[in-house]
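Here is a short walk through one model. Keep the sequence and the 3D view side by side as you read.

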Amino acid sequence: MKGGILIGNLTLDQLRVLVAIVETGSFSAASKALSRAQSSISQAIASLEGTQGVLLFDRSSHRPRLTEAGRVLVEHARLVLASAGRFEAVAKGARSGLEPELTIAIDPLVPTAPLIESLRLLRREFPDLPVSFSTEGLGGSLRRLRNGTAATAICLLLPAVPEDVVAYPLLRIKMVPVVAAGHPLASLKRPVTQSDFEAYVQLVLSDPVEPQGTDYGISSARRWRFIDIGRRMDFLMAGFGWCRMPEHLVASEIAAGNLALLDVLEDPTPEEGLAIYAAHKRSDALGPAGQWLMTELKQRFA
């Protein structure tokens with residue numbers, strides 16, 4: 001019986017009765033709300049108090065009032081009931097074929113706003129689905145796909161889409177070379193050459209697991225490596241070096257005169273930008289929620 005589920009030496013039914021009394025204001029009102037006899041409500045609370053060895057209600061006045069212990073324990077009761085409700089919802093979804101959890105990993109260059117809206121719609125479509133979300137360092141999303149700790153990745157795939165991954169192109173991110181307005185590179189009155197870069201620090205996004213792995217777009221011999229694009233932005237604005245940043249992240253700072261756009265001679269960065277993909281492991285079929293999210297992302301970015 002659902003209400004008789006034991007947790008140690010108490011039941012979910014007892015916790016429901018406790019919360020109902022608090023929310024309705026009395027034992028009699030709780031009996032009506034739960035369609036139970038008032039004697040059943042009283043017995044449930046008496047049993048709960050007896051097994052736990054605490055007094056939950058002060059019954060000296062007309063209406064029962066929570067004791068100090070009761071005030072604390074009713075909040076714990078709400079948490080337990082909410083957790084039990086989520087447990088049942090996930091189990092129900094699993095019975096109908098829904099994945100028990102959707103794990104999503106994204107790369108630091110992915111723009112946030114459209115992704116947020118897709119995740120908001122996902123929550124509306126699958127309100128009881130647990131979603132695990134993480135922002136990874138460069139290369140981390142692909143690594144999580146491959147080791148099975150993420151079902152879906154929104155990521156760069158350089159230099160090409162790997163054979164073990166199914167990937168759908170979503171958009172391209174234009175990368176622009178920038179430097180703080182007070183940096184020496186900003187004062188050059190000509191295109192910046194490779195030899196110009198060599199004297200200055202390049203602020204590089206790096207794979208935290210393989211920091212000495214393949215580098216793309218590296219021009220300077222001196223490199224400061226970052227995992228977090230926000231922290232790299234802080235150091236860029238402070239004038240510690242130059243880097244290529246997603247245009248959507250620096251456009252306002254360029255317009256305000258805080259950052260300077262560099263004119264790079266024979267810039268190897270693709271003019272059309274870097275491709276961002278929605279991807280999953282080829283050997284791991286997506287569940288209904290993962291498939292829904294893939295379709296939503298493709299439609300949104302299209």
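Which backbone nitrogen does a side-chain oxygen of aspartate 228 reach at the start of helix 8? The backbone nitrogen of glycine 230. The side-chain oxygen comes to within 2.8 Å of that nitrogen. Bear in mind that this is a predicted model.

Stay with helix 8, which covers residues 229–237. Ile229, Arg232, Met233 and Leu236 are buried here. The face turned away from the buried side carries Arg231 and Asp234, which are exposed.

What do the buried residues of helix 8 pack against? Their partners are strand 9 (175–180), strand 10 (201–205), strand 11 (222–226), strand 12 (242–246), strand 13 (259–261) and helix 9 (247–255). Just after helix 8 comes glycine 239, with a positive phi of about 85°.

Five strands form an open sheet in the order 6-5-7-14-8, and their pairing is mixed. Strand 6 (131–135) and strand 8 (165–173) are the edges, each pairing on one side only. From one strand to the next, the twist averages 15°.

Zoom in on strand 5, residues 102–106. Strand 5 pairs with strand 6 in the parallel sense, over 5 bridges. Isoleucine 104 stands opposite phenylalanine 133 of strand 6. Helix 10 (residues 288–301) packs on this sheet. Helix 10 touches strand 5, strand 7 (152–155), strand 8 and strand 14 (274–281). The direction of helix 10 makes about 30° with that of strand 8.

Terms used
Residues numbered from 1 in each chain as written. Predicted model: local features only at pLDDT ≥ 70, side-chain atom pairs only at ≥ 80, totals over all residues. Heavy atoms only, no water. Buried < 20%, exposed > 50% of the residue type's maximum accessible area, 1.4 Å probe, protein only. Helix = DSSP H or I, 4+ residues; strand = E, 2+ residues; numbered from the N terminus. Contact = heavy atoms within 4.5 Å. Polar contact = N/O pair within 3.5 Å; in protein donor to acceptor, adjacent residues only side chain to side chain. Pairing = 2+ DSSP bridges. Axes fitted to C-alpha atoms, helices over the stretch in contact; angles between N-to-C directions.
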